[in-house]
Amino acid sequence: MAKVAIVYHSGYGHTKKAAEAVHAGASGAGAEATLYALDAEGNLPDGTWPALDAADAIIFGSPTYMGSVSWQFKKFADASSKPWFTQNWKDKIAAGFTNSATMNGDKHSTLHYMMTLAMQHSMVWIGTGLLPANSKAAQRNDINYVGSFGGLMTQSPSDSSPEEGPLPGDLATAKLFGARVAEYARKTRG
């Protein structure tokens, strides 16, 4: 059974909701998936570093704040220099997701940051593998309506609660994304 670790920070609960959907998709695909939430100070729960070393795949998640990851996620990324130095994550599968208040919101900059982090760790990056909903008939709750290939993007209006956003289509996309990472981990690592 493939082990999938989902490391994320959520400032207001919207990214947590996306993380839970990614987790549901990975678990539903047969992986042993575990959520690791960074706290408000950017710290991981005790025992997380060895669990990340043991994982077949690590999925990174952060809200997009001012065009990049949250400072809490950046703190985690900086702390990952210890496994980087020994290349503990080399050839592990990596993927990433983000949420912001607008349809674009420079979310791709956040995903690029995560891709760079993964590349520095010599990891193998996996995108969504989903075509965008970009026809005239497309509806907001269609799969991959936000249209990202490099990683999962979800959107929650700035005045919405986590119960209101991300929308069902984004959460369905998140489940498919989690399943894709888990299935690839199973095929290649577990």
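This report walks through the salt bridges and aromatic pairs of the structure above.

## Ground rules

This is a predicted model, so local features need pLDDT of at least 70 and side-chain atom pairs count only at pLDDT 80 or more, while totals for chains, interfaces and linings use all residues. Residues are numbered from 1 along each chain as its sequence is written, and side-chain values use heavy atoms, with hydrogens and water left out.

## Salt bridges across the sequence

Side chains of opposite charge can pair when their charged atoms come close. Searching the whole structure turns up four salt bridges (a side-chain nitrogen of Lys or Arg within 4 Å of a carboxyl oxygen of Asp or Glu). One of them joins Arg-189 to Asp-56, at 3.8 Å from N to O. Arg-189 sits in the segment after α6 (168-188) and Asp-56 in the loop between α2 (48-54) and β3 (57-63), so this pair ties together parts 133 residues apart in sequence. Helices here are DSSP runs of H or I with at least four residues, strands are runs of E with at least two, and both are numbered from the N terminus.

How accessible are the two partners? Arg-189 is partly exposed at 36% relative accessibility, whereas Asp-56 is buried at 11%. The cut-offs: buried is under 20% relative accessible area, exposed is over 50%, and partly exposed falls in between (1.4 Å probe, protein chains only).

Then there's Asp-170 with Arg-140, whose closest N and O atoms are 2.8 Å apart. Asp-170 belongs to helix α6 and Arg-140 to the loop between β5 (124-125) and β6 (152-155), so the link spans 30 residues of sequence.

## A salt bridge inside one helix

Asp-78 and Lys-74 meet at 2.6 Å, N to O. Both are in helix α3 (residues 71-79), and being four residues apart puts about one helical turn between them. Asp-78 is partly exposed at 44%, and Lys-74 is partly exposed at 34%.

## Aromatic rings

The count of aromatic pairs comes to seven. To pair, rings of Phe, Tyr and Trp (its six-membered ring) need centres within 6.5 Å; planes under 30 degrees apart are stacked, over 60 edge-to-face, and the rest tilted. Phe-60 and Phe-76 make a tilted pair, 6.2 Å centre to centre with 55° between the planes. With Phe-60 in strand β3 and Phe-76 in helix α3, the pair ties together parts 16 residues apart in sequence.

Both Phe-60 and Phe-76 are buried. They also belong to one aromatic cluster, made up of Trp-49, Phe-60, Phe-73, Phe-76 and Trp-89.
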